[in-house]
Every structure is written in C-alpha cells, then in structure tokens.
Amino acid sequence: MVVNKSKSAFKTIAEVAEELGVATHVLRFWETKFAQIKPMKATGGRRYYRPDDVEILKLIKGLLYGERYTIEGAQQLIKEKGLKNLLGEEEIQKDFFEAEKDSSVGVTPVKAFDTELVQKITDAVSDLKNLRAKLANL
C-alpha cells in the first residue's frame, strides 16, 4: 500500500518496513542493537519514525545487507566514524548531532520529543474523551 506523505512526515513501522523491504520484526530487532534508532513511541507502544530515523535505518540496512557487515561490525563502524560522517550532514537534521560534538565515545542519541510530555498530553486527551462519553450519557 503506497501512501503519499510529506518527506517530513512521521512514518509507522509498517510504512518504514515496506519502504526498506524488511519485516517489522527486523526493525524492532535493530532497535535493540543500535542505540541510534530512537522512534517516538505513542500510547500502546506504537512506533513513529522521523525522517532521520529512516535514514539511519537505510544506512544500517546497507551495512548489513549490502556491505555484509555483522551487527557487531556495523555497530563498531558507526561508533568509530559516527553517523554524521557515514550519512553526510545534509542527510540528517543538524540538531541530531549536537550531543555528538562533546562525545568522544560515539553518538549520543538526541530525543526528538519529550516523551514524558507526549505521554501527559496523550493521557489528558484520553481523559477528555472519557469525560465526553460520560456527558453524552447524561
């Protein structure tokens, strides 16, 4: 299923899996092995990938499937060279690398959103929906 979305739109795990030609469980597995992959998670654990996340996943797929790196080899390469050098600065948001400048060990992921705030907003919306339902029954 092809959905015409803006390049800057967030994508679901199914959309990213289809775009990359891998199964969704592969993306979940890579998320456990590569600290750089940090999709936003909504209530219920649904993942939303930023365009930057998709670029990182494309790089990882290329390393693993194209260049035949092992997971450990890909991790080491990313650690040594950094995402900025492997992807190029134009390929990913500049603020993503702000934490990398001060890090001598490798890339420190930067949150796209304050997940605690997102959770509070999601909970508030849920509470409002519940109140609306109760009022409708009066």
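Trp30 is buried, at a relative accessible area of 3%. Buried here stands for under 20% relative accessible area, exposed for over 50%, and partly exposed for what lies in between, with a 1.4 Å probe and protein chains only. I start with this residue and work outwards.

First, the background. This is a predicted model, where local features need pLDDT of at least 70, side-chain atom pairs count only at pLDDT 80 or more, and totals for chains, interfaces and linings use all residues. Residues are numbered from 1 along each chain as its sequence is written, and side-chain values use heavy atoms, with hydrogens and water left out.

Now the overall layout. The protein has five helices and three strands. Helices (H or I, at least four residues) and strands (E, at least two) are DSSP runs, numbered from the N terminus. Read from the N terminus on, the order of the elements is β-α-α-β-β-α-α-α. Of the 138 residues in the protein, 30% are buried. Contact means heavy atoms within 4.5 Å. Among the contacts with a separation of 6 or more, 54% come from residues 24 or more positions apart.

Back to Trp30. What kind of aromatic pair do Trp30 and Tyr65 form? The rule is that rings of Phe, Tyr and Trp (its six-membered ring) pair if their centres lie within 6.5 Å; planes under 30 degrees apart count as stacked, over 60 as edge-to-face and the rest as tilted. By this rule there is one aromatic pair. Trp30 and Tyr65 are edge-to-face, with 5.9 Å centre to centre and 70° between the planes. Trp30 lies in helix α2 and Tyr65 in helix α3 (residues 51–66), so the pair ties together parts that are 35 residues apart in sequence. Tyr65 is partly exposed, with a relative accessible area of 41%.

The axes of α2 and α3 cross at roughly 95° and come within 12 Å. Axes are lines fitted to C-alpha atoms, for helices over the stretch in contact, and angles run from 0 to 180 degrees between N-to-C directions. That makes α2 roughly perpendicular to α3. For angles, under 35 degrees counts as roughly parallel, over 145 as roughly antiparallel, 65 to 115 as roughly perpendicular and the rest as oblique. On the α2 side, Val26, Leu27 and Trp30 meet Leu57, Ile60, Lys61, Leu64 and Tyr65 of α3. By class, this contact has seven nonpolar, no polar and one charged residues. Ala, Val, Leu, Ile, Met, Phe, Trp, Tyr, Cys and Pro count as nonpolar, Asp, Glu, Lys and Arg as charged, and the others, Gly among them, as polar.

Helix α2 also packs on α1. Helix α1 (residues 13–20) and helix α2 (residues 24–33) meet at an angle of about 100°, their axes 8 Å apart. The two are therefore roughly perpendicular to each other. From α1 the contact takes Ile13, Ala14, Val16, Ala17 and Leu20, and from α2 it takes Thr24, Leu27 and Arg28. These residues divide into six nonpolar, one polar and one charged. In the loop between α1 and α2 lies Ala23, which is partly exposed at 32% relative accessible area.

On to the core. A nonpolar core is a set of buried Ala, Val, Leu, Ile, Met, Phe, Trp, Tyr and Cys residues joined through side-chain atoms within 4.5 Å. Which of the 24 residues in the largest nonpolar core touch the most other members? They are Leu27, Trp30, Phe34, Ile37, Tyr49, Leu57 and Ile60. Two or more residues come from each of α1, α2, α3 and α4 (71–87). Helix α3 gives the most, with seven residues.

Take Tyr49 from that list. Leaving aside neighbours within four places in sequence, Tyr49 is in contact with residues including Phe10, Thr12, Leu27, Ile37 and Leu57. Thr12 is in strand β1 (residues 11–12) and counts as buried, at 12% relative accessibility.

One last residue. Arg68 lies in the loop between α3 and α4 and is exposed, with a relative accessible area of 66%. Its phi is near 65°, a positive value in a residue other than glycine.
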